[in-house]
Amino acid sequence: MLTIKSRCWICMLPVWHASVGICSWCERKLLLDQPRCLRCALPAETVCSTCHACQQIPFSWQGTIAAANYLPPLSKLLHQFKFSSQTALAAMLSRLILLNYLRYRRHYLWQKPDIVVAVPLHPKRYQQRGFNQSDLLARPLARWLACQYESNVIRCTKLTTTQHTLDRASRQRNLGQVYDVTASLSGKHVALVDDVVTTGATAREIVRLLQQQQVASVQVWCLCRTL
């Protein structure tokens, strides 16, 4: 008799390998190939390089990859991963980001990064949680793509109010002089990994510091994009 060792995290149907973590039926339900603005990753009627929102307030980086919208069931899985220490979800969630990156690289000729970096946590918050969810997403992506990965290139130096509890204006004010870059990344193509992009305030602050380092380009990769 065949022993089932791995099941889909959403519907509990068998999957062929634990790192996949999600069956093909549930994967289709997530709408990973939903048309999006290539700059900010908000949904669009058709794939576009600059949506109306980006024309009003353009992001300062080359493009954004989001696996899916911040909606169930993915938002529930992310919550379990982030706040209930379900770190076994990391490989499956990273794979969803990877699938979209490979699609963007194939169809839109996106630059392969030289280095992958993760949005950091403040040491006190890291101690409380025991891990950095963005770090756990970034590590397998760098390994699968044979890119350099450095966990401490970006540091969080100021303990701030958690971003998801704030409104848009407060998010912007909350991030002044929070991060620093500890190594030279001049001339490198960088992929910055976060779990969720909402207003883009965190990414803007880090990308600003990276651009001061004269990086060649920055892409922002996230699991979910809030609407």
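Among contacts in the protein between residues at least 6 apart in sequence, 71% link residues that are at least 24 apart. The model is a predicted one. Its secondary structure amounts to eight helices and seven strands. Of the 227 residues in the protein, 50% are buried. The accessible surface is about 11,500 Å², and carbon and sulfur atoms account for 51% of that area.

Five strands make up an open sheet, arranged in the order 1-7-6-2-3 with parallel pairing. Its edges are strand 1 (63-69) and strand 3 (148-149), each of which pairs on one side only. Strands of a sheet pair through backbone hydrogen bonds, in either a parallel or an antiparallel manner. Between strand 1 and strand 7 (residues 217-225), the parallel pairing extends over six bridges. Threonine 64 has valine 220, in strand 7, as its bridge partner.

Two helices that pack on the sheet may be described here. Helix 3 (residues 74-83) packs on the sheet and touches strand 1, strand 6 (189-197) and strand 7. The direction of helix 3 makes about 105° with that of strand 7. Helix 8 also packs on the sheet, where it touches strand 6 and strand 7. The direction of helix 8 makes about 165° with that of strand 6.

| Helix | Residues | Expected span | Distance between end C-alpha atoms |
|---|---|---|---|
| Helix 4 | 90-108 | 27 Å | 27 Å |

Helix 4 has 19 residues, and its reach from first to last C-alpha is close to the value expected at 1.5 Å a residue. The buried residues of helix 4 include Met92, Leu93, Leu96, Ile97, Tyr101 and Tyr104, and among them are also Arg95 and Arg103. These buried residues of helix 4 pack against helix 1, strand 1, helix 3, helix 6 (133-145) and strand 7. Just after helix 4, leucine 109 adopts a positive phi of about 60°.

**Tryptophan 25**

Tryptophan 25 and cysteine 11 are separated by 14 residues in sequence and by 9.1 Å in space, from C-alpha to C-alpha.

**The cysteines**

A disulfide is a covalent bond that joins the sulfur atoms of two cysteines. How many disulfides does the model contain? With a cut-off of 2.5 Å between cysteine sulfur atoms, the count is zero. For cysteine 48, the closest cysteine sulfur belongs to cysteine 37 and lies 4.4 Å away, so the two are too far apart for a bond. For cysteine 54, the closest cysteine sulfur is that of cysteine 40, at 3.6 Å, which is likewise too far for a bond. Cysteine 54 counts as buried because its relative accessibility is 3%, under the 20% limit.

Notes
Residues are numbered from 1 along each chain as its sequence is written. This is a predicted model: local features need pLDDT of at least 70, side-chain atom pairs count only at pLDDT 80 or more; totals for chains, interfaces and linings use all residues. Side-chain values use heavy atoms; hydrogens and water are left out. Two strands pair if DSSP finds at least two bridges between them. Helices (H or I, at least four residues) and strands (E, at least two) are DSSP runs, numbered from the N terminus. Contact means heavy atoms within 4.5 Å. Axes are lines fitted to C-alpha atoms, for helices over the stretch in contact, and angles run from 0 to 180 degrees between N-to-C directions. The expected span of a helix is 1.5 Å times one less than its number of residues. Buried means under 20% relative accessible area, exposed over 50%, partly exposed in between (1.4 Å probe, protein chains only). Accessible areas come from the Shrake-Rupley method with a 1.4 Å probe; for residues, only the protein chains shown count as cover.
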